[in-house]
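Please keep the sequence and the structure in view while reading.

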Amino acid sequence: MKYAKIAVALLVIAPAASFAARAWLLPSQTIVARNGGWVTFDAANSDDLFSFNQGAMPVDSLSVNGVDGAPVAPQNVARGKTRSSFDLELRAPGTYRVAIAGDMVMARWEEGGKQKRWRGTPAEMAANIPANAARLELEQVQRRVETFVTVGSPSDVKPVGAGLELVPVRHPNDLYAGEAARFRFLLDGKPARDLPVEIIAGGTRYRDAPAAVELKTDADGMITVTWPATGLYWLDAEVKDENATVPGVKKRTSAYNATLEVLPQ
Amino acid sequence: MMRMCRFFAAALLATTAGAAGAADLTLNVEIPNLPVAEYHRPYVAIWVEDGTQAIAAHLALWYQVRGDHTKWLPDLRQWWRRGGRDVKVPVDGLTGATRPAGQHILKFDAAAEPLSKLKPGRYELVVEAVREVGGREAVRIPFEWPIKAAQKGAAQGKTELGAVALTLNP
């Protein structure tokens with residue numbers, strides 16, 4: 001009981017911006033023969049990849065874009081206790097980008113000797129933070145958790161242009177064990193150089209070592225991954241800088257996660 | 001019916017082989033007899049690949065034609081990624097029903113499509129097989145094009161394929 005109280009206290013102290021657990025999407029299938037079918041996704045926050053044993057990932061900011069970037073509405077969106085899930089109808093061929101992406105502002109200030117905190121979109125900022133807030137600390141938090149599904153032949157994945165993102169040189173639905181794949185990371189549309197990128201194979205629960213592959217982007221924001229084995233992989237990268245894109249905010253965290261499937265050659 | 005087909009195929013082979021000056025590619029593919037509880041005939045794709053690992057010529061695709069089973073074609077993983085996904089099945093002269101365990105002889109005229117479109121160079125003949133509730137296997141046999149002299153190549157499958165033999169006759 002005492003531990004529970006301490007745990008609660010720790011939760012309150014920990015800044016809301018730090019996502020302790022890994023955020024991931026789990027597709028039921030990534031390569032589909034033809035349009036007309038369905039794929040299902042799970043979305044969860046958990047350190048074990050890809051076991052939903054911690055908490056469901058909120059799916060309020062879920063977006064799916066089909067070929068030509070046109071939005072596609074996911075169906076049967078449900079939030080459970082340990083995972084969220086949704087179905088996607090594949091009406092047209094090409095590549096679908098499935099993402100949970102957000103751009104928020106975290107604020108902390110003092111009011112009457114008490115700590116106040118607020119979290120919301122940049123647009124809601126002015127209405128929720130007092131103009132004369134004392135010891136105001138602001139941070140922009142961008143994040144993108146995504147995965148890709150291709151029906152028939154792959155189509156281009158175009159850059160979003162905001163925050164940290166992966167732009168495939170090798171298509172994310174064309175990954176094979178033993179082969180090298182190149183990806184470029186962009187921050188606000190420009191190459192993210194010297195960015196540490198971590199890649200971890202799924203099934204962490206069944207092995208003792210984390211077996212993470214640690215990489216760093218080159219001057220062009222490029223990494224080359226040679227997939228050691230088949231399976232689902234989770235890719236993780238994060239930038240902390242002072243280049244927030246929200247007026248009046250300096251500090252920024254921009255995080256990117258992707259789930260990629262690697263097949264046998 | 002089956003026996004008849006085989007007879008005609010053999011007769012046809014004999015006739016073509018007899019024709020002088022007709023260069024050809026002959027392939028012998030063995031589908032092994034597998035002592036498993038649940039057996040399904042494999043899906044098989046046969047193609048010619050160039051140095052860039054792209055498909056230079058599709059030679060054969062055997063799948064469950066009756067009913068709508070094209071959903072499982074991506075299980076022929078390498079065929080699918082290297083160009084199978086752009087093939088709108090069925091295709092005359094390319095696609096056909098799955099075949100039983102045994103020896104299958106395929107013969108292609110070097111002067112006719114799709115082989116006539118091959119540019120001179122080094123190629124690989126690839127045979128990939130995948131079986132429902134079974135495994136997947138691909139074997140490769142390198143060869144030179146065009147056929148200047150007789151060439152023979154062979155590969156031995158371990159699980160889903162048996163012996164595969166390639167003969168090129170000038």
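Predicted model: local features only at pLDDT ≥ 70, side-chain atom pairs only at ≥ 80, totals over all residues.

**Pairing in the sheet of chain B**

Tyr43(B) has Val130(B), a residue in strand 6 of chain B, as its bridge partner.

- Strand 2 (residues 43–49) and strand 6 (residues 121–130) of chain B run antiparallel and are joined by 7 bridges.
- These two strands belong to an open sheet of 5 strands in chain B, which follow the order 4-3-2-6-7 with mixed pairing.
- Because strand 4 (95–97) and strand 7 (136–145) of chain B each have a single partner strand, they stand at the edges of the sheet, and one side of each is left without a neighbour there.
- On average, and with direction ignored, neighbouring strands of this sheet are turned by 15° against each other.

**The fold of chain A**

- Chain A contains 18 strands and 2 helices.
- The radius of gyration of chain A is 19 Å, close to the 18 Å given by the globule rule for 265 residues, and therefore chain A is as compact as a globular protein of that length.
- The C-alpha trace of chain A spans about 65 × 45 × 35 Å along its principal axes, and buried residues make up 34% of its 265 residues.
- Of the contacts in chain A with a separation of 6 or more, 66% are between residues 24 or more positions apart.

**Contact between the chains**

- In the model, 8 residues of chain A are in contact with 8 residues of chain B.
- The side of chain B that touches chain A comprises 5 charged, 2 nonpolar and 1 polar residues.

Technical notes:
Residues numbered from 1 in each chain as written. Chains lettered and ligands numbered in written order. Helix = DSSP H or I, 4+ residues; strand = E, 2+ residues; numbered from the N terminus. Rg over C-alpha atoms; globule rule 2.2 N^0.38 Å. Buried ≥ 20, exposed ≤ 12 C-beta atoms within 10 Å, placed from the backbone. Contact = placed C-beta atoms within 7 Å. Nonpolar A, V, L, I, M, F, W, Y, C, P; charged D, E, K, R; others polar. Pairing = 2+ DSSP bridges. Axes fitted to C-alpha atoms, helices over the stretch in contact; angles between N-to-C directions.
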